[in-house]
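The report below goes through the two chains of one entry, with the sequence and the structure shown first.

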Amino acid sequence: MHKTYLQEEIIRMSGVNPSKCMRCGKCSASCPAYDEMEYHPHQFVNMVESGDIEPLLKSESLYKCLSCFACIERCPRGVEPAKLVEAVRLTAIRKQGANHMTANDVPALLDDEMPQQAIVSAFRKYSK
Amino acid sequence: MQRVGVFVCWCGSNIAGTVDVQAVSEALKNEPGVVFSTNYQYMCSQAGQNMIIDAVKEHNLTGIVVCSCSPRMHEATFRKTAAAAGLNPYMVEIANIREQCSWVHKDMMTGTEKAIILGKAAVAKVNLNTPLTPGESPVTKRALVIGGGIAGIQTALDIADAGFEVDIVEKKPTIGGKMAQLDKTFPTLDCAACILTPKMVDVAQNEKIRIFSYSEVTDVKGFVGNFDVTIKKNARFVKEDICTGCGACVEKCPMKKVPNEFNLGMDNRSAIYIPFAQAVPKVATIDPNACNMLKNGKCGLCAKVCAAGAIDYTQKDEYIEEKYGAIVVATGFNPISMEKFDEFAYNQSKDVITSLEFERLTNAAGPTAGKLLRPSDHEHPHTIVFVQCVGSRCDSCAEKGKEYCSKICCMYTAKHAMLTRDKYPDTEVYVFYIDVRTPGKNFDEFYRRAVEEYGVKYVKGMVGKVTPEGKKLKVQASDLIANKQLHIDADLVVLAAAIEPDQTARPLATMLTASMDTNDFFTEAHPKLRPVESPTAGVFLSGACQGPKDIPETVSQAGAAASKVIGLLAKDKLTGNPCVASSNELMCNGCSSCERVCPYGAITYVDKEFRMPDRTTKVRRVASVNPAVCQGCGCCTVACPSGAMDLRGFANNQIMAEVDAICK
């Protein structure tokens, strides 16, 4: 099947081969942010594989992923869904032409209850 | 000089469609030695073969070249044709102009050119062919079966039924294998013991079968028809021929806290034990790692209570040497370790169990006498979650798990779920599946019954995490059809662990020089047409050692392996392959290179007396090939630095002549 430019970009950026997925759903079973997400990890893999990327670019799900990497850790096929989410996220950020936040803006937004991992993840998400 | 006849086959349009067969037969007419050349539609047909026979007689041919399909297909046919025409069958050469020519080229010009070149090479080779006669070796009419599970039992019974003696070597104290640990068997739900134990008794009572239990194979020498095998009988500290299996010792043994491997460590046994009531042989065995008498000389109770006087604390391991004509490998499988699968909390909670443990939990002879109780608190579980494909179908680079489908899990999980709902209607049973794979007679009907009649909840999705919390197991899973994440408070989680070959398989394969795949399953000689034979002559495969299998498949394969063994043992003599290596003793410098590379152990070194030019004699060490063991692989001819090793039928000068013909 012919791949779109966008699809190839995301596959190349993430280093993920979505056709390795065997549709077991262990990624979505492991995801702690599942209920927050419009598109769930297994849908990300499936939609990138079929080239249906526009809805992902517009979805809030991109920013709900905690980057905890549980899906990467548990995927029996080594597909690494979180890397796909990150690649789509980067595409969205780059597309709009500018960073929305610099690393310096982050500390002011922190509160005590925020988990350490979310902060690390936020730096990764927004400081590109 | 040979008188060579060339026969070019059209193979219908298979060859003639891409190769100008007329041009090939014309071109080869001018090759040295060729006195006759023709082409025909189907050389392998009776008419084609008669054409060869007639030509041999008419033109006094001494060599034949057939330009046709791969020699794997019809070399044997044309050798027989040659023999029928009065020629030595090894005066035939095949030029493969189908697989190597017409099937791989699209262009008629290229195809024809290559066909002519391959034909020339075959003519050049046949000019140097010499008549060969295969050697013969005797057959020891006895078989060895390694492994005493259902595969080994069935193979042994079938071989014995044909009148040949069979020995079974089993590493555990009893035969029966994994099937003895099962409760019910799919898809008919008959009790495993009810159908297995009569076969075990048959083995015990059969005069042709000997059981070496608590024993292992430690060395294999020899070759097809003539194997020399060393069997180590581990000391069980009980005289097998005297013990009556009364069990008085087991009852009186004060050391009762040894994890019982038959129940997968879910209860305890004594230091002296009989694995289960129907064990064969029904003889006690002392576990030397647990017995106080053996460890520090303090106890001796079992010897006191044994009325037969069968206890012998001084027993030593015994080595027995036996001769066999054929060896059947039936080493079976084990579930993989769940240690690495942290997400399922197998190490954290006793209530996360494997499917084999579930079998024991529901078996009347198991640790709970057949009542389904949670291992942690012995309470009745209400919500049970089954997880399929744990460690199966994983990526090849994954650190844990296996790449293949374990094949039996879909069916046994359906069985467990169905039986649970049948016996305990108050339970809620979930099965998380990726795909339900039920190819087999009455298999899919069985799985559908579990869903439709017994109300088992099959969920398309996977469990991501199990967290023990109080008395419950919090199961987080995905339901891909509903596109939801599920959170279930379960009482019991059952993992369908992948299966892998037994750990003894690899060292055994080394002893037998039998090949294995990357997963340590034994490789068959041909995946479709020779599924029960190892590529190593005289070694046969039975059961799950060759790949994941259920009981019906194992039993059919066991019977197939037995029939192959019977076919071998029924022969008085075996005709060998004459295309074997031989060493030119005058050129051999005794360096041992060939001995080291020989994968079959066919080469030994002998000291031989040679007359020197000055009439003195000198003893030199030279290579000697056992033609019955040599498989003609040619490793030694390549390794030999002095060019003393040569392969009959594929001699160095023949290969060089082929190369010259191609490059000319």
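## Chain A

Among the contacts in chain A that link residues at least 6 apart in sequence, 71% join residues at least 24 apart. The model is a predicted one, and in it chain A has 9 helices and 0 strands, so that its pattern, read along the sequence, is α-α-α-α-α-α-α-α-α. Of the 128 residues in chain A, 35% are buried.

## Contact between the chains

Where chain B touches chain A, the contact takes 19 residues from chain B and 16 residues from chain A. On the chain B side, strand 24 (463-469) and strand 25 (472-479) each supply at least two residues, and the residues of that side divide into 9 nonpolar, 6 polar and 4 charged.

## Domains of chain B

Chain B is divided into domain 1 (4-126), domain 2 (144-176 + 186-232 + 317-331 + 504-572), domain 3 (235-315), domain 4 (333-500) and domain 5 (581-648). The centres of domain 1 and domain 2 of chain B, taken over C-alpha atoms, are separated by 43 Å.

## The sheet of four strands

In chain B, 4 strands form an open sheet in the order 2-1-3-4, with parallel pairing. Strand 2 and strand 4 (92-96) of chain B stand at the edges, and each has a single partner strand, so one side of each is left without a neighbour in the sheet. From one strand to the next, the twist averages 15°. Strand 1 (residues 4-9) and strand 2 of chain B run parallel and are joined by 6 bridges, and Gly5(B) has Phe36(B) in strand 2 of chain B as its bridge partner.

Helix 2 (residues 21-28) of chain B packs on this sheet, where it touches strand 1, strand 2 and strand 3 (63-68) of chain B, and its direction makes about 175° with that of strand 2 of chain B. Helix 4 (residues 71-84) of chain B lies across strand 3 and strand 4 of chain B, and runs at about 150° to strand 4 of chain B.

Another open sheet of chain B is formed by 5 strands in the order 10-7-6-18-29, and its pairing is parallel. Its edges are strand 10 (209-212) and strand 29 (539-541) of chain B, each with a single partner strand, so one side of each is left without a neighbour in the sheet. Neighbouring strands are turned by 20° against each other on average, direction ignored. Strand 7 (residues 165-169) and strand 10 of chain B pair in the parallel sense over 4 bridges, and Val166(B) has Ile209(B) in strand 10 of chain B as its bridge partner.

## A pair of packed helices

Helix 6 (residues 108-126) and helix 19 (residues 652-663) of chain B pack at an angle of about 145°, with their axes 8 Å apart, and their crossing is right-handed. Helix 6 of chain B contributes Ile117(B), Lys120(B), Ala121(B), Ala124(B) and Lys125(B) to the contact, while helix 19 of chain B contributes Gln654(B), Ala657(B), Glu658(B), Asp660(B), Ala661(B) and Ile662(B). The residues of this contact divide into 6 nonpolar, 1 polar and 4 charged.

Technical notes
Residues numbered from 1 in each chain as written. Chains lettered and ligands numbered in written order. Predicted model: local features only at pLDDT ≥ 70, side-chain atom pairs only at ≥ 80, totals over all residues. Domains from an automatic or database assignment. Contact = placed C-beta atoms within 7 Å. Nonpolar A, V, L, I, M, F, W, Y, C, P; charged D, E, K, R; others polar. Pairing = 2+ DSSP bridges. Axes fitted to C-alpha atoms, helices over the stretch in contact; angles between N-to-C directions. Buried ≥ 20, exposed ≤ 12 C-beta atoms within 10 Å, placed from the backbone. Left-handed = near helix turned anticlockwise from the far one by under 90°.
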